[in-house]
Amino acid sequence: MASGKYTRVDNKRSSASSTVTIAVIVSLCLVGTWMMTSSYYVAPVQNVDAPKEKTNESNEQMPVKISEGNGEVTHNEATDNKETGNTVQLEDNPGDMRDDAAKGDSIDSGSQENRVKNQDEEVNNEDGEKDTTGRRESGEASNNTEQSVSKMDENVDKSDSNELITDSDEKKDQAMLGDQNQVEALPSEAQAELLKETTTQNGAFSTQAAESLSEKASQESSKLEPGPSWKLCNVTAGPDYIPCLDNLQAIRSLRSNMHYEHRERHCPENPPTCLVPLPEGYKRPILWPKSRGKIWYNNVPHTKLAEVKGHQNWVKVTGEYLTFPGGGTQFKNGALHYIDFIQESVPDIAWGRRSRVILDVGCGVASFGGFLFDRGVLAMSLAPKDEHEAQVQFALERGIPAISAVMGTTRLPFPGRVFDVVHCARCRVPWHIEGGMLLLELNRVLRPGGYFVWSATPVYQKLDEDVEIWNAMSELTKGMCWELVSVNKDTLNGVGVATYRKPTTNDCYEQRSRAEPPLCADSDDFDAAWNVSLQACMHKVPTGSEVRGSKWPEQWPARLDKAPYWLLGSQVGVYGKPAPEDFTSDYEHWKRVVSKSYLTGIGIDWSTVRNVMDMRSVYGGFAAAMKDLSIWVMNVVTVDSPDTLPIIYERGLFGIYHDWCESFSTYPRSYDLLHADHLFSMVKPRCKLDSVLVEVDRILRPEGKLIVRDDVETIGQLESLLRSMNWEVRLTYSKDKEGLLCIQKSFWRPTEAETLIYAVE
């Protein structure tokens, strides 16, 4: 078995008690016979509370080391499940995936931090033996301590991919395997005789020399270099600082703002390495679904929208809360009625079945997207960081997906033909100007056969300006071959909704008397979106049964776990297998990791998690494996990775292109959990690791978790830097030069400040 190291750090201490094994010597007339009964150890179960309510009692347990050949696995701590109290396992089995597909994915050990009721539990092996093991990592100290009980019966079986089995529910099936290579943590009661001393080196008990040598190596590897001295960012935006959107120096130098250039991304040449301050009085966010209706005022202390849009039921100030009645400019009486009205007008929209992933442009506080969750729909909501103060920040604080973006001079950071529906409720975008360039961008990202839902005054009012816009839109959409499916009046809200449908063939394009708007050149890549300028042209509808966009995806949720029809066996996937097989292997891998490790083995209370980001997604397998949780996952496909984002959308998930050498277009404190699978080792050659971690710190909420899978060298660097930010290491694991790190952000902020000249007025 390959050597490995596992460390669980939760700032817990424990005390040990044991019952000495009694050896009874019976000798009457025969030669003496030795009988030994197995020792057992029972530790009292302790309560583990939320991070803010930690107790001071603890238990300390002796480590158990399992050796086989030249390898050694050390378990320093295993804790109980918060909800059930059951010992669980870390399951990372690469199966038949390529090595580069599953780096660090052969992890399978039991570890979890839990809340436990006042009860004592014992873990019994096949022969009735009782054993609990655990250990406090030396050198770790904290002002708050948590408590845990470690219960583990460990078996190593070479015949099963060198997996380490620690789940108490599986021990009985594993304890008595007949494989001669299996090494048990303690001798079985079935062994009537002691092992001979000459064979103990190959048995269950390691020597002191081996134990000490391993511990010395472990201590040496844990001597991390001190991190940098962090400072607070002194910027005009203060706690709301978004580096690529608040580069005031670059904005001042723009020649024009006519196309909202000042709302687009202008990243500083050298990314900041300072930490964004917290708002005064910041609290742990309210949990979903209550957060959809109210948030703490101090977390987003902005009242302009409440003053300007309060009569439209966007947001109101209610004591120490900001409350969200669920209204909007076009649906003052609530988003659910408006959502149902749209489907009544166009039944084929079929929310949550045919229409699964939508784009909401000019989303406001994103109540439309927030209530679409009730219909099984994911909405990518976007709005600029503009005079509508903190609208996207409100959405994210509420637990609703949103990004800061603008329809300006460049393409949106999404592939072509991926959204089932695009929605605009009085979104203040001049769709009809400059040859319809902005509406043509929506045409690029909309699936053939998809719908554009437009709710704005030109649809239902007869003022001169509204009539002029309606006539211009009618001419433009006719030239784009969009079919006007429905124009209906919502009597409750007093608004009208026009719904258009994008064509599914090229027949209309070929029959137009005038080629306006023009078709894009065949060489134009409709998927290219990262810093690509807008063009006033349309891409042809794909033809051929095996081309993406020629068919509508299967209805949700069937589309989630099936390889898209346009992934062909003749194509080579990211991990080297035929593309459909690659897709399936990736999904099976993440289902196993999520179910056997992330959900039960690393001490995360998932009821506190709502906003999640997969910082380097491939096929979206991590997000797909989380489908049964009340969360949403932003899948990020990095610009220097294979472009698999269309696959993610095809399966009913969503995501975005991004370069992690730059700041992400979101407000600080947006996400509860970030997941990074071999991201940091990939970006290290191109950008500074500390600047990437500063961005991680910026977008993660205090007490939020970061899960990292990477090579051990990178894991060590990350751990050192994050410890210097006073983050709390919850779990580390290393094996075969690959590692796993789970670490929690703290409320700590530095006292010294650093002024960023380019971000100060």
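The structure holds 6 disulfides, a disulfide being a pair of cysteine sulfur atoms within 2.5 Å. This is a predicted model, in which local features need pLDDT of at least 70, side-chain atom pairs count only at pLDDT 80 or more, and totals for chains, interfaces and linings use all residues. Residues are numbered from 1 along each chain as its sequence is written, and side-chain values use heavy atoms, with hydrogens and water left out.

Counted along the chain, the bonded cysteines pair as 1-4, 2-3, 5-6, 7-8, 9-10, 11-12.

| Disulfide | S to S distance | Torsion about S-S |
|---|---|---|
| Cys424 and Cys427 | 1.9 Å | -90 degrees |
| Cys661 and Cys687 | 2.2 Å | about -75 degrees |

Cys267 sits in the loop between helix H3 (248-252) and strand E10 (294-296). Helices (H or I, at least four residues) and strands (E, at least two) are DSSP runs, numbered from the N terminus.

Cys244 is buried, at 2% relative accessible area. Cys267 is partly exposed, at 26%. Buried means under 20% relative accessible area, exposed over 50%, and partly exposed in between (1.4 Å probe, protein chains only).

What does Cys267 touch, not counting residues up to four places away in sequence? Cys267 touches Cys244, Asn247 and Glu662, where contact means heavy atoms within 4.5 Å. Cys267 and Ser663 are 396 residues apart in sequence, yet their C-alpha atoms lie 7.3 Å apart.

**Cys661 and Cys687**

The disulfide of Cys661 and Cys687 is left-handed, because its S-S torsion is about -75 degrees. Cys661 lies in the loop between strand E22 (655-658) and strand E23 (671-677), and Cys687 in the loop between helix H15 (680-683) and helix H16 (689-699), so the pair ties together parts 26 residues apart in sequence. Cys661 is buried at 17% relative accessibility. Cys687 is buried too, at 12%.

**Other cysteines**

The link of Cys424 and Cys427 is left-handed, and both of these cysteines are buried. Cys363 counts as buried at 9% relative accessibility. Cys742 is buried at 1%.
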